[in-house]
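Please look over the sequence and the model shown here before reading on. The notes that come after are meant to be followed with the structure in view.

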Amino acid sequence: MVLSQIRLGLIGAGQWGRAYIRTIDQIPGVRLSWLCSSNPESSNLVPEGCQITGNWRSMMGSQDLDGIIIATPPILHAEMVLASLEAGLPVMVEKPMTVKLEEAIEIREAALSSGVPVLVNHIHLFQPAYRRLKELARDLGPVKAVRSIGGQWVKARPDVSPLWDYGPHDVALSIDLMQHAPSVAKVTGLVETSVEGGRGETVNLDLEFPGAVVASITVGNAMPKKRRLFAAQFDEEALLVDDLAEMKLSRYSGLCVHDIDHDSPERLLKNHPAVHIPTEDTLPLTKAVVEFAEGVRDPFDLPSSFGVDLAVEVTRVLEACENDKEY
């Protein structure tokens with residue numbers, strides 16, 4: 001049986017929007033049907049037959065759409081997600097789903113009442129190395145500690161703070177691995193500096209989970225070198241994903257993950273011989289779009305990546321940390 005193509009609409013043609021355009025073009029059975037963009041060069045980015053509009057609301061009533069992808073500044077996400085749900089269109093939205101907890105809760109209620117599938121693209125959850133880490137973790141016993149580092153030295157974004165730009169990745173990974181919301185979330189350190197375009201920050205967070213498990217997180221846009229590490233410690237071993245390495249998943253013995261320094265993690269890691277674990281090389285964004293298309297095609301058999309509960313908890317954590325409120 002030949003399955004019909006999944007027709008997707010995309011809102012936003014910035015850096016991530018263009019990545020979606022390239023990704024969709026490479027996936028069989030999926031095509032970009034609509035693009036909402038104000039960029040006059042957008043017609044050069046999309047495949048032949050893709051309709052372009054400057055009004056995202058005009059897409060919602062289209063009869064040749066099966067789902068919507070939102071790749072806009074986070075402040076716009078909630079309104080667009082809610083409109084997609086009202087139109088009955090499955091929606092995939094970039095992280096963070098929103099920067100306001102009340103909006104996140106509203107989206108969850110709307111998704112539940114409408115029954116329309118939502119996928120929040122916490123992109124590192126789709127990293128094959130991380131998914132392999134989760135598989136291996138089942139045989140290594142309970143998690144004892146988590147260390148997560150993500151950031152680089154980069155110009156300030158005008159639409160979102162460094163905490164909200166980088167933090168959703170690491171908070172989502174920690175909660176997803178632990179399969180539980182933290183009982184405590186707090187900022188334990190903040191270094192501010194100036195970067196191109198405004199404020200630079202390196203923020204340390206601690207998330208405390210049941211069983212006295214602490215996820216120690218360092219994120220920001222003021223790290224001298226780009227980092228993307230996620231490590232989980234067990235009784236006798238640790239598993240570490242380095243998203244920037246050729247061999248992305250490694251197993252260590254005798255490694256205390258909380259000792260991994262965000263400035264120069266290699267100083268500690270080189271003293272602990274690593275066993276590299278092969279993983280598939282599919283790009284995380286490809287896996288995310290493929291799973292979204294699968295959910296659009298069969299909403300009664302959704303991949304586990306669908307749902308907004310995790311995104312609500314990520315929003316809850318980051319809002320509390322940003323405002324120095326009790327979590």
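What follows is a briefing on a predicted model, grouped by topic.

**The open sheet**

- Eight strands make up an open sheet with mixed pairing, and their order is E8-E9-E10-E7-E11-E12-E13-E14.
- The edges of this sheet are taken by strand E8 (184-195) and strand E14 (274-277), and because each of them has a single partner strand, one side of each is left without a neighbour in the sheet.
- On average, and with direction ignored, neighbouring strands of this sheet are turned by 20° against each other.
- Within the sheet, strand E7 (residues 145-153) and strand E10 (residues 213-220) run parallel and are joined by seven bridges, and Val146 stands opposite Ala215 in E10.
- Helix H5 (residues 128-137) packs on the sheet, where it touches strand E11 (222-233), strand E12 (237-242), strand E13 (249-253) and E14, and the direction of H5 makes about 165° with that of E12.

**Helix H6**

- Helix H6 covers residues 162-178, and at 1.5 Å a residue its 17 residues should span 24 Å, which agrees with the 24 Å that separates its end C-alpha atoms.
- H6 is mostly covered, since 17 of its 17 residues are buried.
- Just after H6 comes Gln179, which takes a positive phi of about 55°.

**Helix H1 and its surroundings**

- In helix H1 (residues 15-25), the buried residues are Gly17, Ala19, Tyr20, Ile21, Thr23 and Ile24.
- These buried residues of H1 pack against several elements, namely strand E1 (6-11), strand E2 (30-36), strand E4 (67-70), strand E5 (91-94), strand E6 (118-121) and helix H8 (284-297).

**Two residues in the loop between E4 and H3**

- Which residues does Thr72 contact, leaving aside its neighbours within four places in sequence? They are Ile11, Gly12, His77 and Met80.
- Thr72 has its place in the loop between E4 and H3, and its relative accessibility is 12%, so Thr72 counts as buried, the cut-off being under 20%.
- Ile75 is also found in the loop between E4 and helix H3 (77-86), but Ile75 has a relative accessible area of 63% and is therefore exposed, a term that applies over 50%.
- The C-alpha atom of Ile75 is separated by 9.1 Å from that of Met97, although the two residues are 22 residues apart along the chain.

Notes:
Residues numbered from 1 in each chain as written. Predicted model: local features only at pLDDT ≥ 70, side-chain atom pairs only at ≥ 80, totals over all residues. Heavy atoms only, no water. Helix = DSSP H or I, 4+ residues; strand = E, 2+ residues; numbered from the N terminus. Expected span 1.5 Å × (residues − 1). Buried < 20%, exposed > 50% of the residue type's maximum accessible area, 1.4 Å probe, protein only. Contact = heavy atoms within 4.5 Å. Pairing = 2+ DSSP bridges. Axes fitted to C-alpha atoms, helices over the stretch in contact; angles between N-to-C directions.
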